[in-house]
Amino acid sequence: MSNEFTREEKKAFCFGLFAFLTFIILFTVMAFSKDGYKHVDENFYYLKASFRRTDGLLVGDSVRMAGIDIGRVVDAKLDEQYNAVLNLEIKDGILIPDDSSASIVSSSIMGKKYIEIEPGGSEEFLKNNDEFSYTQDAMVLQELLDRIIALAKSKKKKNPQNIEEENIGDQNDE
């Protein structure tokens, strides 16, 4: 029995070692790199938004309008009523009507959360340190599924009666 490796085994080992080292390097780079918000310029202003629940929204997450990043969440605190008060950093020059709403949304079913601003129609605009009057909390996936199941159950209960009534009506017509 020989302890030497064949040429194919040596190739496979080298390829596996290369793949493993590449994975380790990529993992290390990703772990230590910051997914930080980069200012195009240093001019921005702050707005506040209060939510009853933020579920998964973190400091550093994006603020978007019409799908475009216009800022980020820079601070989160609890107020006296235990609501989450978020401090948002918005790029200067982006005017947001004072009747606009801020909602916590997700990019996909399990995606990252962000704040989406829906502009209102007012001709007055929010200024530095103003607060949104209208906010919508994050939708929790479990609550959404519970609502869908409850809706399906209620429709299921209604349908058997409707089917029986239709069958009786069809029998009377004959």
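Tutor: Let us begin with a charge and a ring: Arg64 lies over the face of Tyr114, at 4.1 Å from the ring centre. A charge sits over a ring if NZ of Lys or CZ of Arg is within 6 Å of the ring centre and within 35 degrees of the ring normal.

Student: What should I know about the model and the numbering?
Tutor: The model is predicted, so local features need pLDDT of at least 70 and side-chain atom pairs count only at pLDDT 80 or more, while totals for chains, interfaces and linings use all residues. Residues are numbered from 1 along each chain as its sequence is written, and side-chain values use heavy atoms, with hydrogens and water left out.

Student: How many strands form the open sheet, and in what order?
Tutor: The open sheet is formed by 8 strands in the order E7-E1-E4-E3-E2-E6-E5-E8, with mixed pairing. Strand E7 (130–131) and strand E8 (134–136) are the edge strands, each pairing on one side only. Two strands pair if DSSP finds at least two bridges between them. Helices (H or I, at least four residues) and strands (E, at least two) are DSSP runs, numbered from the N terminus.

Student: In which sense do E2 and E6 pair?
Tutor: E2 and E6 pair in the parallel sense, over 2 bridges. Val63 has Ile115 in E6 as its bridge partner.

Student: And which way do E1 and E4 run, parallel or antiparallel?
Tutor: E1 and E4 run antiparallel and are joined by 8 bridges. Opposite Ala49 stands Leu86 in E4. Strand E3 (residues 68–78) is also antiparallel to E4, with 7 bridges between them; there, Lys77 has Val85 in E4 as its bridge partner.

Student: Which residue takes a positive phi in the hairpin of E3 and E4?
Tutor: That residue is Tyr82, with a phi near 65°; the hairpin has 5 residues between the strands.

Student: Why is strand E4 described as largely enclosed?
Tutor: In strand E4 (residues 84–91), 7 of the 8 residues are buried, so the strand is largely enclosed by the rest of the structure. Buried means under 20% relative accessible area, exposed over 50%, and partly exposed in between (1.4 Å probe, protein chains only).

Student: What about Thr135, which element holds that residue?
Tutor: Thr135 is placed in strand E8 and is partly exposed, at a relative accessible area of 31%. Thr135 and Ala102 are 33 residues apart in sequence, yet their C-alpha atoms are 4.8 Å apart in space.

Student: Changing topic: how many salt bridges does the structure hold?
Tutor: The structure holds 6 salt bridges, a salt bridge being a side-chain nitrogen of Lys or Arg within 4 Å of a carboxyl oxygen of Asp or Glu. One of them joins Arg53 to Asp55, with the closest N and O atoms 2.5 Å apart. Arg53 is partly exposed at 33% relative accessibility, and Asp55 is partly exposed at 31%.

Student: Which salt bridge links distant parts of the chain?
Tutor: Asp61 and Lys112 form a salt bridge whose closest N and O atoms are 3.8 Å apart. The two residues are 51 apart in the chain: Asp61 is in the loop between strand E1 (44–51) and strand E2 (62–65), and Lys112 is in the loop between strand E5 (101–106) and strand E6 (113–118). Asp61 is buried, at 4% relative accessible area.

Student: With which side chain does Lys77 form a salt bridge?
Tutor: Lys77 meets Asp75 in a salt bridge, at 3.8 Å from N to O. Lys77 is exposed at 54% relative accessibility, whereas Asp75 is partly exposed at 28%.

Student: How many aromatic pairs are there?
Tutor: The count comes to 2 aromatic pairs. Phe23 and Phe27 form a stacked pair, 6.3 Å centre to centre with 20° between the planes. Rings of Phe, Tyr and Trp (its six-membered ring) pair if their centres lie within 6.5 Å; planes under 30 degrees apart count as stacked, over 60 as edge-to-face and the rest as tilted. Both Phe23 and Phe27 lie in helix H1 (residues 7–32), 4 residues apart, about one turn of the helix.
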